[in-house]
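Hello,

Here is the structure I promised to pass on to you.

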Amino acid sequence: MSKSLYNERKMLDDAYKNGYAVGAFNFSSIEVMRAIVDAAEIANSPVIIAMSQSGIKFTQPEYICDVMKAVLENTSVPISLHLDHGKDYELIKRCVKAGFNSIMIDGSYLPYKENVAITKKVVKFAHDHGVEVEGELGTLSGTEDDTSSDKILYTNPNQAAEFVGLTGVDSLAIAIGTSHGAYKFKAEPTLRFDILQEVSNLLPKFPIVLHGASNVPADVLADFNKWGGKMEGAKGVPEELLKKASKMAVCKINCDTDVRLRYTACIRQYLIEHPECFTPREYLQFAKDNLRDMIVDKMTNIMGSAGFGGKK
Ligand SMILES: [Zn+2]
């Protein structure tokens, strides 16, 4: 790519140093990608745009990288293009070759030794191609993409330190109580900050990643239901907990659920309010603009990354 993607580890190191987190927002269409990039420009924030394995299969990595090339020509903030929850080694290789600059190898569902082995293999391949790698240790509950579990298995801090040493990953996703999907907590939401603190004591200055970190804002959920959606009692991670995590060692906060909820709610709203509409760009524009505003708000008020995009 002519104007290049930004080294993700450098991005996360800056977040660590300055006590904020970079948002990683999932997308599976060009409009959603544009909404994320536009938000980063407005907030003057670094951003990670992430795609899951099923998103990749839906759009094709080569196509995404060609679009990204055009996006980079017209963008000034640091952008990283990341494969979220990579599990299939062949698909990981394809994404690296297509031009992704960061990939996640999710071996967290495997026994520890197998997780170490597959992660090491991916790190070797990716680093040979100048691509950064995120690993995962511990299990989040909930379902996202083809990632699913019905119980939380908190990360063991000593094992996390050993895992990073053995595999050479550039960042690590840990389980401290968040979960995938829109129903994150059955009882009062809490996170195990003691585990996060212990991990960062053992791995000083090492960037930690928080998955399943949508906060499911009340207004977004209310809109979704108001316009014909059906999602009762969904619960996200409270803003205060995300803010606290991003001031600690959490340097990357993943957000997929909120993106999907906001975007879908807006499309529902537009079509119901404009029953005569049959022009996709009209309802997609409405959804894209609203999604962009939600992301600017997250960067500014939750992640604290606004202003760190390097623009004067
Ligand atoms: Zn995840």
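First, the ground rules. This is a predicted model, in which local features need pLDDT of at least 70 and side-chain atom pairs count only at pLDDT 80 or more, while totals for chains, interfaces and linings use all residues. Residues are numbered from 1 along each chain as its sequence is written, and side-chain values use heavy atoms, with hydrogens and water left out.

**The barrel**

Eight strands form a closed barrel in the order β1-β2-β3-β4-β5-β8-β9-β10, with parallel pairing. (Helices, H or I with at least four residues, and strands, E with at least two, are DSSP runs numbered from the N terminus; two strands pair if DSSP finds at least two bridges between them.) Neighbouring strands of this sheet are turned by 25° against each other on average, ignoring direction. Axes here are lines fitted to C-alpha atoms, for helices over the stretch in contact, and angles run from 0 to 180 degrees between N-to-C directions.

Strand β1 (residues 22-26) pairs with β10 (residues 250-255) in the parallel sense over four bridges, and Ala24 stands opposite Asn254 there. Between β3 and β4 there are three bridges, also in the parallel sense, with His82 opposite Ser102. In β4 (residues 102-105), Ser102 and Met104 point one way and Ile103 and Ile105 the other, and all are buried. Buried means under 20% relative accessible area, exposed over 50%, and partly exposed in between (1.4 Å probe, protein chains only).

**The helices around it**

Helix α2 (residues 30-43) lies across β1, β2 and β3, at about 165° to β2. Helix α12 (residues 280-303) lies across β1, β2 and β10, at about 150° to β1.

Have a look at α10 (residues 239-247) too, where Leu241, Leu242, Ala245 and Ser246 are buried. Seen down the helix axis, the buried residues of α10 fall within an arc of 130° and so line one face; the arc is that of the directions from the axis to the C-beta atoms. They pack against α8, β9, β10 and α12, where contact means heavy atoms within 4.5 Å. Glu240 and Lys247, on the other side of α10, are exposed.

**The zinc site**

The zinc ion has His85 (NE2), His180 (NE2) and His211 (ND1) as its protein donors, at 2.1 to 2.2 Å. Donors are N, O and S atoms within 2.8 Å of the metal (3.2 Å for Na, K and Ca), and sites may look incomplete as water is not among the atoms. Their spacing along the chain is H-x94-H-x30-H. His180 sits in the loop between β8 (171-174) and α8 (193-202), and His211 in the loop between β9 (208-210) and α9 (218-226), 31 residues apart. His180 is buried at 3% relative accessibility, and His211 at 2%.

Ser179 is also in the loop between β8 and α8, buried with a relative accessible area of 1%. Leaving aside residues up to four places away in sequence, Ser179 touches Leu140, Ser141, Gly142, Lys184 and Gly212.

Best wishes
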